[in-house]
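Work through the exercises below with the structure open. Try each task before you read its solution.

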Amino acid sequence: MINFNGAITSSDTNLLVHNRGFLYGDAVFETVKVVNSKILFLEDHYFRLMASMRIVRMEIPMNFTMEYLEEQILTLAKAKKLENSARARITVYRNDGGYYLPQSNTVSFLIAIENLENRVYSIVHNEYVVDLYTDFYVAKQLLSSIKSTNKLLNIAASIYATENGLDNCLLVNDSKNVIEAVQGNLFMLKGNTLVTPPVSEGCLNGVMRKQILSLAKTIENLEVVEEAISPFELQKADELFITNVIKGIQPITKYRKKEFTIDFSALLLQKLNDAIA
């Protein structure tokens, strides 16, 4: 028996009682975009998921091929009639048993999907204001680069942003460098140089980050570098933008007293749409 919200009930009626993802954050996930019955950047998502599972010592089932996971996601999309444009999330969690030390490294998975209004990436030309979040810091370690279900820092930063009238917050690592936004990687354009923090700084190894780096390197006379960004450099930038697979590119229009243009972001977004058309 368990007490669930004040009601004594059988533990068999609640799937969370022994779920390690719920109890310990013992889970990893991928969020993908489905367009016209196709998963964008499938290979990158698949290999990042496999790498995340290996990092946290999960046992990868023999049937966990890229084709199998693609089929599972698209079957659900078809069942819900969301093949045209959807956001899907696959969460892989270690199976029940044990406390901090699991009894097994075998896994199960859960896929959920919801509708997305726009198939192509676009920029909404509204003000987008950010500031630093410094109540907690991201550790410069390999665990910070994967998508695990331990996202309390991101949740606290999101609440902070809402309470302070911000659209987003920029996260800082334990060396006091700016590494990413709450839900995406950070890029900074300064003159003819595009900068994004390296994964070694503790930022997420983002799938869209990889696409943007690749596209940016095709632009003539643009230097693309991965290096640490200090908070002081943000106000010297010409543009700042955030990237993730669902949104694509989100330009930042204001950080503290500094306002930014979005011309380069719009150029990159067009290249992104052309690449996946």
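Start with helix α3 (residues 66–79): it lies across β3, β4, β5 and β6, at about 40 degrees to β6. Angles run from 0 to 180 degrees between N-to-C directions, with axes fitted to C-alpha atoms, for helices over the stretch in contact. Contact means heavy atoms within 4.5 Å. Helices (H or I, at least four residues) and strands (E, at least two) are DSSP runs, numbered from the N terminus.

This is a predicted model: local features need pLDDT of at least 70, side-chain atom pairs need 80 or more, and totals for chains, interfaces and linings use all residues. Residues are numbered from 1 along each chain as its sequence is written, and side-chain values use heavy atoms, without hydrogens or water.

**Exercise 1.** Find the order of the open sheet of 4 strands.

*Solution.* 
- Step 1: the order is β4-β3-β5-β6, with antiparallel pairing. Two strands pair if DSSP finds at least two bridges between them.
- Step 2: β4 (38–39) and β6 (107–115) each have a single partner strand, so one side of each lacks a neighbour in the sheet.
- Step 3: β5 (residues 85–94) joins β6 over 9 bridges. Ala86 stands opposite Asn115 in β6.

**Exercise 2.** Describe how helix α2 runs relative to β3.

*Solution.* Helix α2 (residues 42–55) lies across β3 (27–35), β4, β5 and β6. Its angle to β3 is about 175 degrees.

**Exercise 3.** List the residues that Met53 touches, not counting those up to four places away in sequence.

*Solution.* They are Val28, Met58, Glu59, Ile60, Pro61, Phe64, Val92 and Val107.
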